[in-house]
Amino acid sequence: MQLTRKSNEAPKVEKKTLGISRRQFMKHAGITSGGIAAVSFLGTGMMRKAQAKDVPHDVPTEIKRTVCSACAVGCGLYAEVQNGVWTGQEPAFDHPFNAGGHCAKGAALREHGHGEKRLKYPMKLVDGKWKKLSWEQAFNEVGDKMLDIRKESGPDSVYFMGSAKFSNEGCYMYRKLAAMWGTNNVDHSARICHSTTVAGVANTWGYGAQTNSFNDIQNANAIFFIGANPAEAHPVAMQHILIAKEKNNAKLIVVDPRFSRTAAHADLHCALRPGTDIPFIYGMLWHIFENGWEDKAFIQERVFEMETIRREAKKFPPKEVTHVTGCSEEEVYQAAKLMADNRPGTVIWCMGGTQHHVGNANTRAYCILQLALGNMGVSGGGTNIFRGHDNVQGATDLGLLFDNLPGYYGLTTGAWNHWTNVWNLDMEWMKGRFDQGTYLGREPMTTPGIPCSRWHDGVLEDKDKLAQKDNIQMAFFWGQSVNTETRQRDVRDALDKMDTVVVVDPFPTMAGVMHRRQNGVYLLPAATQFETEGSVSNSGRSQQWREKVIEPLFESKTDLEIMYRLSQKLGFAEQYTKRIAKDSKDMLVIEDITREINRGMWTIGMSGQSPERLKLHTQNWGTFSNKTLQAEGGPAKGETYGLPWPCWGTPEQKHPGTQILYDTSKHVKDGGGNFRARYGVEYKGDNLLAEGSFSKGSELTDGYPEFSAAMLKQLGWWDELTADEKAQAEGKNWKTDLSGGIVRVAIKHGCIPFGNAKARCIVWNFPDQAPVHREPLYTPRRDLVAKYPTYDDMQVHRLPTLYKTIQDRDMTAKYPLGLTSGRLVEYEGGGEESRSNPWLAELQQEMFVEINPGDAADRGIRNGDTVWLEGAEGGRIKLQAMVTPRVKPGVTWMPYHFAGVMHGESLAPNYPEGTVPYVIGESCNTAMTYGYDPVTQMQETKATLCQIEKA
Ligand code: SF4
């Protein structure tokens, strides 16, 4: 889809010469606009390499193996480098994930080696003008400002916004930087994409990650998408989905308010009303229970409290589901029957499911559906939760979160003890870095910080209502663009109010340009991941080692170098890098960081993936099967590509990785497992452990709790530890024993270190034990509010949070249209990077809103007209109308990658010279409204209200 530009707010795409013309490039790379553009599963014969034609033919070409940074599929590519210049690229035909396929974004990656629109050197805003700085000045000024604010307001007044674009090593060191600065005010974009998944899924069966792999979807007989549109958001994942359709005649069911490009492939499309996922799933479960389609043996052995769900589902007979969701009775019945008749089936969801004020409950409902069908722990089944950015999985795993330390250890004193132990530091020193005392009864070190969805409330909220010493005064926006956050007018006010704003990024991003400041903004140019090396985790938990393609462009520095230099300026570099060697240029040895990660990450089994093992996999892509992900020969024979966690034990133990979580048909040493014992052994007197179910080869032939030193002694296995292991393991459990002895001995006896329990359908520590339907805060269905109300207002961690106060206001007269948002194939995230890429910018130049022909006609709007869209809190944006029946009457949809225009005014003059992206447009989030999940503070971007009028 391509709209014609009519307005003149945004600049046209400039014609650039990159060695070959765009048309040649497009032809050679096989790019077409949109869809699963260049997915090449027809064989390598169709591929051509894009080449810079004016590089002499006799300059030797170095081939670097790297990984696309545009989404979490993790496609491999060969980068061709001549004289240190990135001159060509090919999708890796022998890569186990993409087998030669790329989408438009992957095919356009070489732009990273060109960097036309990038920040070139450090800058600061002085009296409204951008002024060049040296790095030394930048570190000194930024560091001094941090220390001043610390003295005046405490460490919690500096906010550390991090990135899903960091390498694993970068994520880990950033979380450590915030910890050693003395704050939990650190977060990244998983907060606003899959935090509700992590909370909901982990609290159902143990880990909050995708359970199977992209490749394993090839084995599914049914594929159920809810709030996911991989044809645009994860195009190469479609390779595996379409293979399942071809090979197994797999049934595709798409539940989405919009007829998306994925829906175009479906056997059944159910256009539910935004925000009604839970009634839809209960509606399916109603049919499943009524017809006896549930897997009774599986539930008996491995599921806790399906009875509660049976009672909840009874509240949603077909008529009620149709009344609430807008889907017909037949559609809901067919969705249930197709899933029941075609097992194993998989469930795939993305942000259409997660970005709701009931997001955690949505994700639990999806899990419960799979538990009822017995689709868990099997090939072709599972919950395949597609992540967005290339390393959002790794960033989450490594605790780049306001409520966690690396490895999901939480923020308890025990968690801090574990990590100070890993870092060889004194706990008293660590404690001394934080604010002392309590605020609103909470101790800063062990209290979750402020989520990145609401950092602006940390700036603007009344100080007396905050559970920290003072408001946020200064923030780093490091690899994260603020136009991805709702309530953009508040975001701008917060940027205006803070003492200092620091952007660390290859591009200026919105934090650097959307404010109305004259001073106090720093832009520090960070290198991309192609200018460094390190590991990255894809959505399927596989890690890949990226080779460095080129040296950092211009004066940019790597993330790790900037973090290290800051720690030097701030005076804690010695503690920060205590176990990490430095090279001759005083740069951190990246492999040592990976090793330190291995040393501490026992909880998820991110302990066995040494840099050496990861590099070996990268060097041997072609030995891993595109079907099974296993190496069929060669030096990694028998291992799963990328050693997906849990990769148990130490690297020397050579665990092959776990492709499918909770799979009892395999021995734990071969990647088998069962649900995790994470919530104790009983609840109100009922057994939480598995009954008669255990993984292959387990010597404990029933459920069992997680392993500890005490348990090893009870079992008589303690003496199998070495003397050194005993000394380290005494008083510890499998998560905190740094020797790995407890894990080693458990596995030797065929047992999973985390125990063997049932998955649970109720979560007693959440606001709703079973998923409960609650109408969106801004619902178009006022008639349903009394029956399905939202929560009462509440304090969530450090911030007061509104629910009922907002829902009680009826806004439907002024804002009658439902509003939701989503992703385009051409762009990613906040879009600053991809809209600055000429190859991609050409494909989609205009911000637009999809509106149904009937709604458009009622407003006198024609396709291509410029319109004003106003959100229910008054945020107004000017954009183009796309009149299309792909959205139902009463529903509108916008992409979320645009920025650079606000309330109809171009922000182009605010950018440093030469850095305005090729395409700018209004951010959909200027019109998006309040609404946060009570467990994770996920923002609501998928169900609100608006009005549209012709401009
Ligand atoms: Fe592959 Fe995703 Fe990159 Fe496209 S954006 S090439 S699907 S990793």
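In which loop is P646 found? In this predicted model, P646 is found in the loop between α24 (611-619) and β20 (682-683). The peptide bond that joins W645 and P646 is cis, with omega at about 0 degrees. P344 lies in the loop between α12 (329-341) and β13 (345-349). A further backbone feature concerns E305, a residue other than glycine with a positive phi, near 70 degrees. E305 is placed in the loop between β12 (303-304) and α10 (306-314).

The packing of helices was examined next. Two packed helices are described by the angle between their axes and the distance between the axes. Helix α8 (residues 277-290) packs with helix α11 (residues 318-325) at an angle of about 160 degrees, and their axes are 9 Å apart. Angles over 145 degrees count as roughly antiparallel, and α8 and α11 are therefore roughly antiparallel to each other. The crossing of these two helices, α8 and α11, is left-handed. On the side of α8, the contact is made by P279, F280, G283, W286 and H287, and on the side of α11 by P318, V321, V324 and T325. Six of the residues in the contact of α8 with α11 are nonpolar and three are polar, while no charged residue takes part.

Helix α8 also packs with helix α14 (residues 359-373): their axes come within 9 Å and cross at roughly 15 degrees. Because angles under 35 degrees count as roughly parallel, α8 and α14 are described as roughly parallel to each other. The crossing in which α8 passes α14 is left-handed. From α8, the residues D277, I278, I281, M284, L285 and I288 meet A361, N362, A365, Y366, I368, L369, A372 and L373 of α14. The contact of α8 with α14 comprises twelve nonpolar residues, one polar residue and one charged residue.

Helix α14 has a further contact, with helix α5 (residues 195-205). The axes of α5 and α14 are 8 Å apart, and the two helices pack at an angle of about 40 degrees. The helices α5 and α14 are therefore oblique to each other. In this case the crossing, in which α5 passes α14, is right-handed. The residues T196, T197, G200, V201, T204 and W205 of α5 meet G359, N360, T363, R364, C367 and L371 of α14. By class, four residues of the contact of α5 with α14 are nonpolar, seven are polar and one is charged.

Attention then turned to the surroundings of the ligand and to an annotated span of the chain. The residues around the ligand are C68, A70, C71, G74, C75, H102, C103, K105, G106, P235 and V236. This shell divides into seven nonpolar residues, three polar residues and one charged residue. In the model, the end C-alpha atoms of residues 61-117 lie 26 Å apart, and the span is 7% helix and 35% strand.

Definitions and conventions: Residues are numbered from 1 along each chain as its sequence is written. This is a predicted model: local features need pLDDT of at least 70, side-chain atom pairs count only at pLDDT 80 or more; totals for chains, interfaces and linings use all residues. Side-chain values use heavy atoms; hydrogens and water are left out. Axes are lines fitted to C-alpha atoms, for helices over the stretch in contact, and angles run from 0 to 180 degrees between N-to-C directions. Helices (H or I, at least four residues) and strands (E, at least two) are DSSP runs, numbered from the N terminus. Angles under 35 degrees count as roughly parallel, over 145 as roughly antiparallel, 65 to 115 as roughly perpendicular and the rest as oblique. A crossing is left-handed if the near helix is turned anticlockwise from the far one by less than a right angle, and right-handed if clockwise. Contact means heavy atoms within 4.5 Å. Ala, Val, Leu, Ile, Met, Phe, Trp, Tyr, Cys and Pro count as nonpolar, Asp, Glu, Lys and Arg as charged, and the others, Gly among them, as polar. A residue is near a molecule or strand if one of its heavy atoms lies within 4 Å of it.
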